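Hi everyone, thanks for coming. Let me put the model up on the screen, and then we'll walk through a few parts of it together.

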Amino acid sequence: MNRRHFLQRNAAVLNAPAAAVAEQPAAAQNQQEPPETVSRYANKALPTGLARTTSTLTPYAGAWGYAQAAHLLRRCLFGPTRTEIMTAAASNLTAVLNGMLTAPATAPDPPVNVSATDTSVPIGQTWTAQVFDQNFEGVRRASLRDWWLGQLLGQGTTLVEKMTLFWHNHFVIEFGDINDARIGYEYCRLLRQHALGNFKQLAKDVTVTPAMLRYLNGNQSVTGAPNENYGRELLELFTVGKGPLIGTGNYTNYTEADVQAAAKVLTGWRDQATVPVGSYFTASRHDTSTKVFSSAFGNASIANSGATEYQALINLIFQQVETARFIVRKLYRWFVYYLIDTQVETDIIRPLATILINNSFDIVPVLRALFSSEHFFDTLNVGCLIKSPLDFTVGLCRQMEMVFPPATNVAVQYTMWDYLNSLTYVQQQTLGDPPNVAGWAAYYQTPQYHELWINAVTLPRRNQVTDLFIGPGYTRSGVKIVIDVLALTQSFPAATAADCNLLIAEYVKLMLPIGLTTNQIAFLKTALLPGLPDFEWTVEWQQYLAAPTNTAKKAAVTTKLQAMLRALMGLAEYHLS
């Protein structure tokens with residue numbers, strides 16, 4: 001498998017200055033949608049004849065060290081740091097998974113007001129329990145989105161944030177459509193609460209959460225005029241999935257009649273916009289008839305049970321084995337690879353679905369089986385995914401250990417998070433606003449899948465982001481976020497930092513999921529030491545350490561490290577996970 005072929009550099013579009021990114025507006029949500037350009041190098045059909053793995057869910061018993069720990073953490077976190085990788089490598093797979101699959105004991109504090117526009121609460125206090133005010137909605141929504149980005153940056157070493165985003169891409173809502181940041185926060189809180197919890201319970205809770213009721217018009221569904229939007233997406237996108245069309249209105253796993261029956265079950269629910277936000281059931285708006293489903297559901301019927309009837313619907317859907325398989329396929333594409341061939345379906349997807357069913361739809365046993373398997377650590381499953389914009393941007397900041405303002409400077413802290421949101425926006429991923437109810441196309445659109453993240457618009461933006469943070473950084477209110485190449489290099493062992501070959505190797509194994517060729521390593525060395533012998537780096541580095549405040553000596557090593565990092569981040573491999 002050639003993991004590098006698709007990521008072609010286009011010199012004509014990559015030479016745009018980093019300043020072009022630095023000048024992007026901070027409030028990404030106020031911009032127009034960027035064009036959706038599909039690269040000419042992307043798949044025209046699903047690949048066939050690849051040397052794909054034949055490994056299974058047999059527990060991994062191979063070597064455990066830096067490479068294996070880095071692979072696990074790259075897939076499960078947004079940009080693991082060197083310390084996080086080394087700590088995991090010094091432990092063992094079981095212990096690392098135990099920590100990763102355990103949710104923090106306490107939920108994060110809610111987002112706070114950072115704008116003088118919102119006069120309902122002082123700066124630094126949360127707005128989530130205030131009454132709705134359209135005049136404040138814009139700044140509250142920005143606060144919510146920025147707070148969420150901050151959670152990704154401060155994720156620690158648990159899987160909670162990666163899974164929260166997974167559920168956001170699965171049970172999709174759009175902040176812009178629901179038009180109430182308080183309801184948006186409640187949705188985020190719910191996803192985070194169930195991030196490592198029970199899929200079936202989450203499906204029940206999402207069904208009547210105010211954000212979903214508003215997003216898919218469940219709040220308008222009444223007896224005599226049931227709205228089919230949520231019932232349809234519940235079946236097609238959220239649970240059992242659409243199978244082959246085998247007859248008029250018959251999608252194998254459900255039929256149009258099932259959509260109509262589900263819609264009747266779901267009548268009577270409204271979102272509550274008063275304080276506190278929530279949802280409520282009105283019996284007079286509910287269809288009290290007995291709802292009959294097709295042979296896809298064993299011709300089951302659901303009798304009127306008022307406010308709890310929606311739970312019977314979820315229970316019925318989760319009796320179908322295809323519901324477990326459908327969500328497992330999505331987990332596989334999120335964490336492993338997009339291509340699910342016959343072998344993967346037989347040896348990975350179906351056994352994991354059985355694990356999910358046998359554990360009453362608790363998600364952790366499935367994740368544990370997957371992450372501890374031979375299949376997950378198979379060489380062909382390492383470095384084969386293209387990073388999403390959030391993985392790319394947040395991962396860059398975390399791996400390069402960029403320093404952000406503390407909570408004591410909350411307005412500037414949120415401003416920096418807002419800027420990162422603007423960067424992922426121009427790379428075509430906006431936290432809180434997937435493009436539609438199906439989520440981000442990179443996780444479902446065949447045959448391109450993750451290749452959609454790279455196109456003529458987004459690839460230059462990615463390179464501009466790395467150039468910006470390697471170089472001048474981004475400054476706001478007198479505070480700068482930038483890659484401190486000297487501090488990061490000094491965090492390496494002294495002997496590693498002083499040897500150009502060891503130094504390059506250390507950066508490569510931190511930042512890239514697969515090894516480089518001899519020519520690529522030589523290219524990085526040329527960037528670090530253009531036309532100079534190896535010992536020159538040792539001499540200059542030692543001179544800097546001896547006089548760290550000397551401007552000339554500091555500049556000499558800084559510019560060389562920046563040039564090497566710029567070359568490394570310009571490699572196709574840097575876009576892979």
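So, how many bridges join strand β1 to strand β2, and which way do the two run? Four bridges join β1 (residues 269-272) to β2 (residues 278-281), and the strands run antiparallel. Strands here are DSSP E runs of at least two residues, helices are H or I runs of at least four, and both are numbered from the N terminus; two strands pair if DSSP finds at least two bridges between them. W269 has F281 in β2 as its bridge partner, and a hairpin of five residues links β1 to β2.

A word on the ground rules. This is a predicted model, where local features need pLDDT of at least 70, side-chain atom pairs count only at pLDDT 80 or more, and totals for chains, interfaces and linings use all residues. Residues are numbered from 1 along each chain as its sequence is written, and side-chain values use heavy atoms, with hydrogens and water left out.

Buried means under 20% relative accessible area, exposed over 50%, partly exposed in between, with a 1.4 Å probe and protein chains only.

Last stop, helix α26 (residues 534-546). W537, E540, W541 and Y544 are buried there; they sit on the same side of α26, because they cover an arc of only 100° around the axis, taken from the directions from the helix axis to the C-beta atoms. Exposed F535 and A546 are on the face turned away from that buried side.
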